[in-house]
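Biologist: Please take a close look at one part of this model. I should like the surroundings of that part described as well.

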Amino acid sequence: MTHWTVTPIILPAMLAAIIVLACRYHLTLQRVFSMAGSLALLGIAAGLFWQASDGTISIYQLGDWKAPFGIILVADRLSTLMVLITATLAPLVLLYAIGSGWDKRGRHFHSLFQFQLMGITGAFLTGDAFNLFVFFEVLLIASYGLMIHSGGAKRLRAGTQYVLYNLLGSTLFLFALGTIYAETGTLNMADIATRVAALDVADSAGIRVAAVLLILVFAIKAALLPLHFWLPASYAEAPAPVAALFAIMTKVGAYSIIRVYTLVFPPDLEMTQGLFDTWLMPAALLTLAMGMIGVLGAKRLDRLVAFAVIGSMGMLLSAVAVFTPAGITAALYYAIHSTFATAALFLLVDVVRERRGGIGVRLEQAAPMAGGALVAGMFFVAAIAMTGLPPLSGFIGKLLIMDAAIDSPLIWWVWAVILSSSLVAVVGFSRAGSVIFWKAHQPAAEETADAEQSEEAEVASDPPPPASVLPMIAIGGLITLLVATTIAAGPINRFLTATSAQLFSPAPYIDVVLKTPGRVVGKKADGEEAHDKDAKAEKDDAHGAGDDTGKEGH
Amino acid sequence: MELLVASAIGALTAAGIYMVLRLRTFPVIIGTSLLSYAVNVFLFASGRLAMNAPPVLRDDVLVYTDPLPQALVLTAIVISFGMTAVVVMIALGSYLSADDDLVNAPKLPAATKNAAPTERGEAPQ
């Protein structure tokens, strides 16, 4: 047991505290610490990824307590992959935030950013259901602070909706966990898996309720159709770097669905039959259709990208809902791709907003923006990736998903919805792109009066802030990652196939978690008293979360 | 006892859901608080109800209550308390900056919607 497994959680947590306590008034120091921390996190994540890539499942017992009595962290292929995606995204988003000056438009950006990273990596690494809830809360409470960063009436209202919606989601999560505990008497995921497998099907009403409640909770996070209402407003109104970081948050919901429903409620389990093909698949396809129709109907570029996020989550979850190893492989590939693509788009939206001045991101014609060619080119590439046109990674992801759906009984529905919604998305994105970038020249060329007016407008409005290179480097980095995902599709796909193979044979995972020796109170191994220690550890976590709350108030 | 606890959870949840569906932030926040009380009692009951029993296991104790749900409830209380404090602050900020405390029906997009036709009307001139 090495301590490296816990460092992706400890490092951002410590850094956040240092940043908020020691360098409150030194923006440069905050930036240095935050950036160095994110780069160190990337290094650690790469190390963990390399360690897990040969199929090793390493666990970390917090306080040395043996599972299921203590909380454990598990680093297998899937968790380390998700941590690596997060750690790759974080420095680029941070670079953008620093370059564009978003981090000085309000206070505590960097510490909240680190707390957010802590919550996300914790949610990916934990092997305990209640601890998953606690990390969800950590990432949510940091996201509340980031969401309303730099304030403003519209942003605060969107923030209120976002917080209230997620409060309801957390309550639902607690109901689900209570039901699971009442039915199985444990909260360790591997332990729940063994006990659920041993349950009598005729007597499984409670655990089936818990399974449905859990998928509802994760569906809220993943913005599945009837539960997606929080996403468009909050992603569109959130500060751009925050929205780009939120690109990984919807993936936390998708990750939790994949993790819980391969480990605890595996596809061959009789009592949860039909959950995926009867409910999740139609919901995912409707999400995909609705998201792409939203892309077509959006009147503002930021809402257009937010709807594209919903559409991409629908695409991802329809691959999950196939629920075969091939489906999960395709879903994971699409998750990598869509994280970088949506992050790049959200950052580009912000660049467009800055450079267009008063008209903002409304899809209306305006005078051409400064340095529009580069922005237009980047938007073009990111939009190609997002809509899934060849040659970029979105196309490969879509191909994998359609290929995975070939054996599904709903194949015609899946293919029809994916293909037609792609067309709708292409139309939506090209309309937006042509209005903002291409037709931008028309008003200036039409009449001299118009031209004079626009010149006057340009003079009247504040001169645009000197364009910094850093934001464009950050966006360029994300686009490079998209290209890399495309070029390295073969090796990535081989790794993801191994990942889903590991997910679909959970026996080694359960063995490693439950059979690794650790501290147990007293001589008996099955004491309820040891559960007490588990509880204490969780209480400590709760205090940690409480501290976050306290800091935000300052 | 079971009937009492179950009906209390049911009543709290029903009242909470009703309040959450209101339009202004204050009743909605009250509703989420009621829901979190409901879930706390529910978590408490998930370890089975045992009267007058100690929450620790010793060699001479035969009847005891499950201590884990109590710890879970404590965690849930701390978190929901913190979250409620955050949402009160954000809702207050929203109220002070937008001058109304409606949860939905955003006034600002409606204003831009009203502004949009005039802009479109002006464009051909």
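Modeller: Two residues are in contact when their C-beta atoms, placed from the backbone, lie within 7 Å. By that criterion, and with neighbours within four places in sequence left aside, A:Leu347 is in contact with A:Tyr96, A:Ala240, A:Ala244, A:Pro471, A:Ala474 and A:Ile475. The model is predicted: local features need pLDDT of at least 70 and side-chain atom pairs count only at pLDDT 80 or more, while totals for chains, interfaces and linings use all residues. Residues are numbered from 1 along each chain as its sequence is written, and chains are lettered from A and ligands numbered from 1 in the order in which they are written.

A:Leu347 is among the residues with the most contacts inside the largest nonpolar core, along with A:Val320, A:Ala344, A:Leu348 and A:Ala382. Such a core is a set of buried Ala, Val, Leu, Ile, Met, Phe, Trp, Tyr and Cys residues joined through C-beta atoms within 7 Å, and this one has 232 residues. The most is given to this core by helix 14 (residues 325-356) of chain A, with 20 residues. Helices (H or I, at least four residues) and strands (E, at least two) are DSSP runs, numbered from the N terminus.

The loop between helix 13 (301-322) and helix 14 of chain A contains A:Phe323. Its phi is near 60 degrees, a positive value in a residue other than glycine. A:Phe323 counts as buried, with 23 C-beta neighbours inside 10 Å; the cut-offs are 20 or more other C-beta atoms within 10 Å for buried, 12 or fewer for exposed, and partly exposed in between, with C-beta atoms placed from the backbone.

Helix 20 (residues 469-487) has 19 residues, which at 1.5 Å a residue should span 27 Å; the end C-alpha atoms are 26 Å apart, in agreement. The expected span is 1.5 Å times one less than the number of residues.

Between helix 15 and helix 16 of chain A, the loop holds A:Pro391. A:Pro390 is joined to A:Pro391 by a cis peptide bond, with omega about 10 degrees.

Another packing partner of buried residues can be traced elsewhere in the chain. The buried residues of helix 2 of chain A pack against helix 3 (77-100), and also against helix 1 (7-22), strand 1 (58-61), strand 2 (72-75) and helix 4 (109-125). Among those buried residues are A:Phe33, A:Leu41, A:Ile44, A:Leu48 and A:Phe49. The 26 residues of helix 2 (residues 27-52) should span 38 Å, and the end C-alpha atoms lie 37 Å apart, which agrees. The loop between strand 1 and strand 2 of chain A is the place of A:Pro68, and a cis peptide bond with omega about 5 degrees joins A:Ala67 to A:Pro68.

For context, chain A comprises 23 helices and 2 strands, and 59% of its 554 residues count as buried. Of its contacts with a separation of 6 or more, 80% come from residues 24 or more positions apart.
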